[in-house]
Amino acid sequence: MSIVTAAKPHTKWSRVAIIAIAAAAIVAVVLLAFTWAGVGSTAKNIPLAVTGPIAQVQALEKALEENSSGTFTITEVADKDQATALIRTRDVYGAVILGAPAEVLTASANGTAVSQILTGVAQQLQLQISQNTVAAGQPVTAAPKVIVTDVVPLADTDAKGTGMTLAAFPLAFGGMIGGILISLVVVGNRRRIGALALYSILSGGIIVLVMQGLYGVFQGNIALNIAAVALSLLGTSSFIVGLNALIGMAGIPIGAVLTMLIANPISSATAPIQFLPGPFGVIGQFFVPGASTTLLRDLSYFPDTNTLLPWLVLTGWTLAGVIFTLIGHFRNQEVVHIENSLDTETTSAMATATL
């Protein structure tokens, strides 16, 4: 006696069309999410300190307004020391010191894009000084040279700043993967929270070991960097686990999309928040990718900066995830079973419950 297996009916053409359209829409969303922030990026409202004789300061402000309207937000300061202090706390990204000689202060640790713009300001200032020198009847070689000083330079091991930018991806992706795996294979709310804590600490240590110990990208206090990376991973992973516990399997893709397609593109990992369209640069700082990127840059290069906000943001996302996990209705569901992953006590309890 032979067994005949019935062929599965072909998919209806209408369903084929819907699936194709949906897949194309997903590609479009992903494309826009990862390119919109970069393509729409423009330099605007860059905080700049200016000091010097009043007449020269006013002339510079007028020239900047005429030649690059909206590019800078100018703060007048008393002297070079105050300007330097503001740069170190990231209240301004650079400064122009007018006088003899003129000097432009930059901080390449803020990103090469800002440094290039400030270098352009120094070149324009040099051109103006040279023109004034010639107009006064002196040779152009007699014109004072504009000094450019990098107050907070990037480390020699990451001279272009690409390492700090690349570090944003393992933070976002690592938190997302940890949250997904723990949601799928760990049963019990307390066990999930324990797994989240252990995963974040171990992964945080590994990331800092590689990015600071091996590559020299991160700078500063190693313990603080590990804490920052671990809390970043914990913020994302615990939120995904919490959503899964709260609303079921739908929580996993929601958490992943929120992290990779919404929060990550506006995290300001590649350029300062002032470069992003509209208010999205500021908004991005209240998500885990933006807060973690800012915190690690500050800990590495701007230790005088007040880092309370990013610490609070990361802690807030972590607590939200933990609370969701504790109150969620789906917290004890195991979606993917791994052999021997359940302890004896849990197995016995489950067997008793099924009797």
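# Reading a predicted fold, one feature at a time

Q: In the hairpin of β3 and β4, how many residues lie between the strands, and which one takes a positive phi?

A: The hairpin of β3 and β4 has 5 residues between its strands, and among them Gly99 takes a positive phi near 145 degrees. Keep in mind that you're looking at a predicted model.

Q: In what order do the strands of the open sheet come?

A: Read across the open sheet and its 5 strands go β2-β1-β3-β4-β5, with mixed pairing. At the edges you'll find β2 (72-76) and β5 (147-150), each pairing on one side only. Ignoring direction, neighbouring strands here are turned by 20 degrees against each other on average.

Q: Which strands run parallel, then?

A: Take β1 (residues 46-51) and β2: they run parallel and are joined by 5 bridges. Pro47 stands opposite Thr73 in β2. On the other flank of the order, β4 and β5 also pair in the parallel sense, over 4 bridges, and Leu105 has Thr149 in β5 as its bridge partner.

Q: Which way do the residues of strand β4 point?

A: Look along β4 (residues 103-106): Glu103 and Leu105 point one way, Val104 and Thr106 point the other way, and all of them are buried.

Q: Which helix packs on the sheet, and which strands is it touching?

A: That's α2 (residues 54-67), which touches β1, β2 and β3. The direction of helix α2 makes about 170 degrees with that of β2.

Q: Let's go inside. Which residues have the most contacts in the largest nonpolar core?

A: The general idea first: in soluble globular proteins, nonpolar side chains tend to be buried together. In this model the largest nonpolar core has 44 residues, and the ones with the most contacts inside it are Ile87, Val152, Phe218, Val229 and Tyr301. Elements giving two or more residues to this core include α3 (80-88), β3 (94-97), α8 (222-247) and α12 (308-327). Apart from it lies another core of 22 residues, including Leu60, Tyr93, Leu98 and Ala122.

Q: With which residues is Tyr301 in contact, leaving aside its neighbours within four places in sequence?

A: Quite a list: Ala109, Val152, Pro153, Leu154, Ala155, Met164, Val217 and Gln219. Contacts across the sequence matter for the whole chain too: among those between residues at least 6 apart in sequence, 71% join residues at least 24 apart.

Q: How many aromatic pairs does the structure hold?

A: A pair of aromatic rings is described by the distance of the centres and the angle of the planes. The structure holds 4 such pairs. In one of them, the rings of Phe239 and Trp317 have centres 4.8 Å apart and planes at 80 degrees, so the pair is edge-to-face. Phe239 sits in helix α8 and Trp317 in helix α12, so this pair ties together parts that are 78 residues apart in sequence. Both Phe239 and Trp317 are buried, and together with Phe287 and Phe324 they form one aromatic cluster.

Q: What is Phi of Arg90, and where is its place?

A: Most residues other than glycine have a negative phi. Arg90, though, has a positive value near 65 degrees, and its place is in the loop between α3 and β3. Arg90 also lies over the face of Phe302, at 4.9 Å from the ring centre. With a relative accessible area of 17%, Arg90 falls under the 20% cut-off and so counts as buried.

Q: How far apart are Met260 and Pro289 in sequence and in space?

A: They're 29 residues apart in sequence and 8.9 Å apart in space, C-alpha to C-alpha. Met260 lies in helix α9, and at 10% relative accessibility Met260 counts as buried. Of the chain's 355 residues, 44% count as buried.

Methods:
Residues numbered from 1 in each chain as written. Predicted model: local features only at pLDDT ≥ 70, side-chain atom pairs only at ≥ 80, totals over all residues. Heavy atoms only, no water. Core = buried A, V, L, I, M, F, W, Y, C linked by side-chain atoms within 4.5 Å. Buried < 20%, exposed > 50% of the residue type's maximum accessible area, 1.4 Å probe, protein only. Contact = heavy atoms within 4.5 Å. Phe/Tyr/Trp six-rings, centres within 6.5 Å; stacked < 30°, edge-to-face > 60°. Lys NZ or Arg CZ within 6 Å of the ring centre and 35° of its normal. Pairing = 2+ DSSP bridges. Axes fitted to C-alpha atoms, helices over the stretch in contact; angles between N-to-C directions.
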